[in-house]
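Cover strand pairing, ring pairs, salt bridges and surface.

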Amino acid sequence: VINISSGRASIERLTSGNLPPTVSIPYSVSKVALNIMTLEMAKAESKITFYLANPGHCSTAFNEYKGKKDSLLGAEVAANLAFGDYRSGFWHNDEGSMHMMPW
């Protein structure tokens with residue numbers, strides 16, 4: 001299972017000052033909740049692999065095309081998780097290289 005999360009759901013990044021203030025508090029809160037839900041589902045269904053994918057700040061209609069990343073590049077993280085060999089976790093694709101996100 002691949003759930004689409006956000007860098008806004010990284011408590012470590014939020015509390016360390018590595019992110020500017022959010023434009024949408026409800027969006028950030030919903031992504032944190034998604035991360036927790038995914039962790040709980042992974043505990044309940046141990047035979048299923050669960051991933052969280054952070055596509056990055058993509059240019060979409062949702063943000064009036066203000067994102068810095070092309071949405072096709074943002075989709076690479078989910079495609080890599082679907083077809084690769086990765087352990088469960090919170091992932092992002094940075095310039096073609098997959099990395100775990102800090103929780």
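In the sheet, A53 stands opposite W91 in strand 3. This is a predicted model, so local features need pLDDT of at least 70, side-chain atom pairs count only at pLDDT 80 or more, and totals for chains, interfaces and linings use all residues. Residues are numbered from 1 along each chain as its sequence is written, and side-chain values use heavy atoms, with hydrogens and water left out.

## Strands

Helices (H or I, at least four residues) and strands (E, at least two) are DSSP runs, numbered from the N terminus. Two strands pair if DSSP finds at least two bridges between them. Strand 2 (residues 51-54) and strand 3 run parallel, joined by four bridges. Between them the chain passes through helix 3 (residues 71-83), and this β-α-β crossover is left-handed. The convention: a crossover is right-handed if, with the strands pointing away from the viewer, the path from the first strand over the helix to the second runs clockwise.

Strand 1 (residues 2-4) also pairs with strand 2 in the parallel sense, over three bridges. There, I2 stands opposite Y51. Strand 2 is covered on both faces. Y51 and A53 are buried on one side, L52 and N54 on the other. Buried means under 20% relative accessible area, exposed over 50%, and partly exposed in between (1.4 Å probe, protein chains only).

Strand 3 (residues 89-94) and strand 4 run antiparallel, with four bridges. H92 faces H99 in strand 4. The two strands form a hairpin with two residues between them. In the turn, E95 has a positive phi of about 55°.

## Aromatic pairs

Rings of Phe, Tyr and Trp (its six-membered ring) pair if their centres lie within 6.5 Å; planes under 30 degrees apart count as stacked, over 60 as edge-to-face and the rest as tilted. The structure holds three such pairs. One of them joins Y86 and W91 edge-to-face, at 5.0 Å centre to centre and 65° between the planes. W91 is buried at 8% relative accessibility. Y86 is partly exposed at 26%.

Another pair is F90 with W103: the ring centres are 5.3 Å apart and the planes are at 45°, so the pair is tilted. F90 lies in strand 3 and W103 in the segment after strand 4, so this pair ties together parts 13 residues apart in sequence. F90 is buried, with a relative accessible area of 0%.

## Salt bridges

A salt bridge is a side-chain nitrogen of Lys or Arg within 4 Å of a carboxyl oxygen of Asp or Glu. The count comes to two.

| Salt bridge | N to O distance |
|---|---|
| K43 and E40 | 3.3 Å |
| K66 and E64 | 3.4 Å |

K43 and E40 both lie in helix 2 (residues 25-44), three residues apart, about one turn of the helix. K43 is exposed at 60% relative accessibility, while E40 is partly exposed at 44%. K66 is exposed at 57%. E64 is exposed, with a relative accessible area of 57%.

## Surface patch

Which residues form a nonpolar patch on the surface? They are I36, L39 and W103, with about 280 Å² of accessible area together. Patches are made of residues with over 30% relative accessible area and no salt bridge: like charges are joined within 9 Å, nonpolar side chains (Val, Leu, Ile, Met, Phe, Trp, Tyr) within 5 Å. Areas come from the Shrake-Rupley method with a 1.4 Å probe; for residues, only the protein chains shown count as cover. W103 is partly exposed at 39% relative accessibility.
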